[in-house]
Each structure stands twice: as structure tokens, then as C-alpha cells.
Amino acid sequence: MSNDVIIVGSGIVGLACAWAALQQGKNVRVIDRDPFCVGASIRNFGFVTVTGQGRGDTWRRARRSRDVWASLAPQAGIAIEHEGLYVLAQRPQAKVVLQELCKQAEGQDLQWLEGQALQDRAPQFVMKHLQGALYSPYELRIEARSAIEKLRLWLATQGVVFKMGQHVQEVISGAVFTGGQWLQADRILVCPGPDMRSLFPEAFSQNNTQLCQLQMLRVRPPDGYKLGAGVMSDLSLVRYRGYSELPGSQLLLDQLRVEAPQELAHGIHLIVVQSQDGSLVVGDSHHYGQAMRPFASREVEDLILYEMQRLLCLGHYQVTERWTGIYPSAQQDSMVREVMPGVQLVSVTSGTGMSTSFGLAEDVVGSWSAA
């Protein structure tokens, strides 16, 4: 039987593409070599981030993806752990950058809070060494390690056919070879996550794509500690394009080069989110290359935890889990390339898969009718 669409890969990009194709009335088959998701889609914060995404397509896709997550999560039995984001400014120049963002079109729903306004809204973040906080209402937090499988199972109830634990060995126009047979489809989407070698490696090479490895932790804070929303820090403002392209960010970067050279050298910026059991997911770092060593660094862990404590000032805490993740990284935030007629390679190359994939998938599927 011929399929309308075959998708190779069941990470968040593949699942989002399956959802978008389903909305267009297509019959969809998803094939993945693993029996369940083991890659970057379950090794992240589960934090759907809009604020700070690059202006243009990336911000638009994140804003749309946030609304799709909000709609799909209850249908798929996925709990939204908390909403919103506080970007806490430790330095006066970070305050400048955040206030600049409030004046942009992307900042129209954001609020700068300090003094009494911050005390009323989020007293847990009122500290003498903080300049204040930018608050965004957009962000959603889900538990990534369970949400991806719940989303997959829900899509299966909607008619998407999944073939897990089956490796796709070859892709040509109109067909994929897997399990000793050719399966036909009008459209084929290859969504390989960090696997840049098995299918169409030349496309990744031409795009100057490399791997990025991150390091993350789960931390047990004092009993009863309530975060209330996601948290980011000054270091985020020189990594996310929505901040780093603002006029004030260069002065902040110059300051951080003096005050936090090791954090910058390891690509550390802080995100903290909270799980239902009260534990905090904390990270992360960024190291780049064509292959990554599997060992986590104690030095990097200590730097991440130091930045966490600068912001949260937890009385005590315990690290209960440690892990690494790998995703493809390139200068552009995403790559959509027709590698042969009817076959598209779809990759998020900025570490923003959870935040942008639904919007990206709608763009990809929408382009079929326009072609």
C-alpha cells in the first residue's frame, strides 16, 4: 500500500511533521530505528521558549508551536508543569538589553519588573544583587522524557502508523527501503536528529552542520521550594539571537568576557525549570565538533551550579541526575532541503526543537500545496 507521507525519525521534528501532515488529511507512516525516543527530544528542558528566539521565522514558529503544545498537551495526557519565564538580570547592562527587547514587536506582551512590582509578582526573586526581571507569559514547561512518548501514542490514536525499531537503509524519490522491502509514498520527510551520517550526509556537510553536546542536571531543592516559572540569566542574553542581536548585547558580552570567561568558554547559559515532584532541571553547556566524547565534565557542572546559586540562592540542594544530549548545530536555526524530488530533509539546527518544531512542520507541509 502506498502512503501519502513517510517520515523517517520520531523525535519532536518527526512527530510535529506527522501532526502537520495529519491536519492536511494525509495518511502518515513514521519509521524509527529505535524502539522509543532516546535522543535530544527527551534530553532537554521540555521548555517551550518563545522569548529570545531570533526575529522572523524562528520567533513566529516558536509562538505558533507554543499554542499547538497548549492545545495538544491535554489531548495527549501531557501535563503542563508551569507557564511563563523570568529572565533575571544580575548586571545593569543585562537590564538594558531586556528593556530593549520590550520595545521590539516581539516584546509587546513582556513586562519589566523591579522593586515593588517584582515583589508583588515573584517575591522569590527579590534579592539585592538582582536588577530586576523580564517576565514573559508565553513559555510552557512539559516533562520531555515522558511527553514525547505520550505525543507519539496519541498520534497513533489519530491514525498515524508507527514502525519503531526498524532502520531505514535507503531513501529514493517515492520510496524508502526498510525491513527488507520498499515502502512507497508520495512525500518523504527525513528527520534524523543528530544522525548526520546515515542519510544524506552531504546535505549536512554543505550546510556546515556540526554536533553540539550539552550537559544537564536534575537538582533536589529544599522541600517546598516553588519556582513558579522558568528562569534564565544574563548568560542567556548573549546566546539567544532575540537578545544577542539587540544593540546593548555587545556591551554585555564584553563585560561577561571579563567576569565569566569560563562560562562563555563552555557555552554555559542558565535555564532552570521545575518538575511535578519539585526537582529542578538545570543546565546547560554547549561544546561543538563532528564527534563528541561521552564524558561529562565536573568543571562544567560546577560552573552551571554556581550560576544557579547566584540566581536562586538555595539554602541547600542535591544533584540527583546528570546527562548529556547531542543535537545538530549550524548558523541557521533550521534546515529544510529537497534532497531529491519528493524527499525533504528537515532538521532543527539550533537546539530549539521543542520550541519551534510545530511551526516549522506547518511551514514544510504547507509548502506542498504551494509547490
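Author: Asn208 lies in the loop between helix 6 and strand 11 (210-220); helices (H or I, at least four residues) and strands (E, at least two) are DSSP runs, numbered from the N terminus. The model is a predicted one, in which local features need pLDDT of at least 70, side-chain atom pairs count only at pLDDT 80 or more, and totals for chains, interfaces and linings use all residues. Residues are numbered from 1 along each chain as its sequence is written, and side-chain values use heavy atoms, with hydrogens and water left out.

Reader: What makes the phi of Asn208 worth a remark?

Author: The phi of Asn208 is positive, about 55°, although Asn208 is not a glycine.

Reader: Which residues does the cis peptide bond join, and what is its omega?

Author: The bond joins Gly283 and Asp284, with omega about -5°. Asp284 is in the loop between strand 14 (280-283) and strand 15 (287-289).

Reader: Why is helix 3 called roughly antiparallel to helix 8?

Author: Helix 3 (residues 92-102) and helix 8 (residues 249-259) pack at about 155°, their axes 9 Å apart. Angles over 145 degrees count as roughly antiparallel and those under 35 as roughly parallel, which makes helix 3 roughly antiparallel to helix 8. Gln93, Ala94 and Val97 of helix 3 make the contact with Ser249, Leu251, Leu252 and Gln255 of helix 8; contact means heavy atoms within 4.5 Å.

Reader: What classes of residue make up the contact of helix 3 with helix 8?

Author: That contact has four nonpolar, three polar and no charged residues. Ala, Val, Leu, Ile, Met, Phe, Trp, Tyr, Cys and Pro count as nonpolar, Asp, Glu, Lys and Arg as charged, and the others, Gly among them, as polar.

Reader: Why is helix 1 called roughly parallel to helix 5?

Author: The axes of helix 1 (residues 12-23) and helix 5 (residues 144-157) cross at roughly 25° and come within 11 Å. Helix 1 is therefore roughly parallel to helix 5. On the helix 1 side, Ile12, Leu15, Ala18, Trp19 and Leu22 are in contact with Ile148, Leu151, Arg152, Trp154 and Leu155 of helix 5. By class, this contact of helix 1 with helix 5 has nine nonpolar, no polar and one charged residues.

Reader: Which element gives the largest share of the lining of the second largest pocket?

Author: Helix 6 (residues 201-206) does, with three residues. By class, the lining of the second largest pocket has six nonpolar, three polar and two charged residues.

Notes. Axes are lines fitted to C-alpha atoms, for helices over the stretch in contact, and angles run from 0 to 180 degrees between N-to-C directions. Angles under 35 degrees count as roughly parallel, over 145 as roughly antiparallel, 65 to 115 as roughly perpendicular and the rest as oblique.
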